[in-house]
Amino acid sequence: MYRYPLSTVYNENIHINKSVPALQVMASRGCPYKCSFCSSYLTWGTYVKYRPAQMVVDEIVENIKKYSINDFHFYDDNLMLNREWVIEFLNIVEKSSYSFNWICLSRPEIIFKNSDLLFRMKKNGCKGFELGFETYSPEVYKKMNKKNNYDSFFKAYSILQENDFEMIEFLIMGFYIGETIETLYETYLQLKKFMKGKNLFTYSRYFATPFIGTEFYQIHLQHGHNLFDGNRYKYAVYLNYMPDSFLDFCGVGYYIDANSLELLCFAYGELDHIIYRKEFNQINNKLTPSQFAYLFNRFMSERKTVRDLNRYIADVLELDNILCVEEYVARMIEFSVRLGAMRR
Ligand code: SF4
């Protein structure tokens with residue numbers, strides 16, 4: 001029987017060495033926080049149930065023995081929520097003859113509460129943390145009901161740096177209710193500041209997705225619209241929701257450097273996870289990145305909105321489906337902001 005190389009079978013890593021395969025592991029299910037966009041507590045409940053720490057370590061050790069995998073990515077929503085569990089886990093790992101690398105998800109206030117455990121976590125293989133930063137906009141953040149504020153992320157980042165963790169990742173959510181070019185710009189600007197630290201700082205960008213049953217789902221149509229009806233693209237890797245705030249934003253003062261955008265599009269190739277791929281390619285065939293940049297700059301300097309720009313592109317290119325134009329324009333703007341072609 002043909003055996004695939006492990007790196008192709010396990011599409012997971014712990015960020016610090018992406019070429020080394022890692023395995024996912026879950027010690028708990030559930031989350032008590034009820035953030036308005038999140039479906040985790042709807043799936044697993046708000047009461048957090050943990051597997052016995054010994055069982056989790058046994059599973060990890062078995063995978064080390066069987067597959068020689070040494071990197072593990074905890075997928076628990078908040079692994080450190082149960083302090084006693086973490087202490088027991090560390091006690092077992094300390095006594096084990098096996099050592100391994102691992103990362104986990106957490107929240108700033110949980111890190112503060114358990115900061116005395118960080119040294120032991122690091123000593124026992126913890127390489128870093130993923131934190132749901134989401135956005136730098138206080139208004140958008142408040143709408144998410146995260147029960148937190150972004151100042152706490154700066155503090156958590158400092159504490160993790162002081163404890164010499166090798167990796168810190170922030171998860172970002174784009175295009176939530178209230179998102180504008182300005183809030184996107186500010187968010188990426190802040191991320192660039194974090195990147196100046198000595199440890200590896202990385203981020204993953206997701207798009208706001210109205211999952212059925214969430215508070216976001218219940219109100220999302222009052223503040224925007226779906227880019228595709230049905231659930232086919234309801235994954236956070238797709239831009240599947242468009243807030244009115246983004247469409248109605250007049251980005252006077254913002255411009256896209258046409259040369260930079262052209263070069264970036266050439267270097268990165270096709271944007272990934274596009275809903276209207278066929279139409280997206282049609283637009284790309286008729287509108288070069290630099291032409292898009294000129295159009296954007298013209299519309300913003302004339303104090304027009306993103307919605308005006310979308311309508312213009314749809315008319316000129318004779319596209320009936322405005323949704324595919326909205327996807328194209330928003331993805332190009334986000335791409336320009338994220339990679340530094342947008343200026344102000
Ligand atoms: S976003 Fe994170 S903290 Fe908020 S409900 Fe979901 S899992 Fe819990």
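**Histidine 15**

I began at histidine 15, which is buried because 20 other C-beta atoms lie within 10 Å. I take a residue as buried at 20 or more other C-beta atoms within 10 Å of its own, as exposed at 12 or fewer, and as partly exposed in between, with C-beta atoms placed from the backbone. Histidine 15 sits in the loop between helix H1 (6-9) and E1. Its phi is positive, about 75 degrees, although histidine 15 is not a glycine.

**Basis**

I note that this is a predicted model: local features need pLDDT of at least 70, side-chain atom pairs count only at pLDDT 80 or more, and totals for chains, interfaces and linings use all residues. Residues are numbered from 1 along each chain as its sequence is written.

**Whole protein**

I looked up 16 helices and 12 strands. These are DSSP runs numbered from the N terminus, helices being H or I of at least four residues and strands E of at least two. Along the principal axes, the C-alpha atoms fill a box of roughly 70 × 50 × 40 Å. Of the 344 residues, 39% count as buried. Of the contacts between residues at least 6 apart in sequence, 78% join residues at least 24 apart; a contact means C-beta atoms, placed from the backbone, within 7 Å.

**Helix H3**

I checked the length of H3 (residues 53-67): its 15 residues should span 21 Å at 1.5 Å a residue, and the end C-alpha atoms are 21 Å apart, which agrees. The expected span is 1.5 Å times one less than the number of residues. Which residues of H3 are buried? They are Ala53, Val56, Val57 and Ile60. They are on the same side of H3, because they cover an arc of only 95 degrees around the axis. The arc is that of the directions from the helix axis to the C-beta atoms. The other side of H3 has Gln54, Met55, Glu62, Lys65 and Lys66 exposed. The cover over the buried residues of H3 includes strand E1 (22-25), strand E4 (71-74) and helix H4 (83-95). Serine 68 follows H3 and has a positive phi, near 55 degrees.

**Helix H4**

I then turned to H4, where Trp85, Val86, Phe89 and Val93 are buried. These residues fall within an arc of 95 degrees seen down the axis, so they line one face of H4. Exposed Glu84, Glu94 and Lys95 are on the face turned away from the buried side. The buried residues of H4 are covered by elements including strand E3 (49-50) and H3.

Glutamate 134 lies in strand E6 (residues 126-134) and counts as buried, with 24 C-beta neighbours inside 10 Å. Its phi is positive, near 70 degrees, in a residue other than glycine. Lysine 278, in helix H13 (residues 277-286), counts as exposed, with 8 C-beta neighbours inside 10 Å. Its C-alpha atom is 9.3 Å from that of cysteine 324, 46 residues away along the chain.

Methods:
Two residues are in contact if their C-beta atoms, placed from the backbone, lie within 7 Å.
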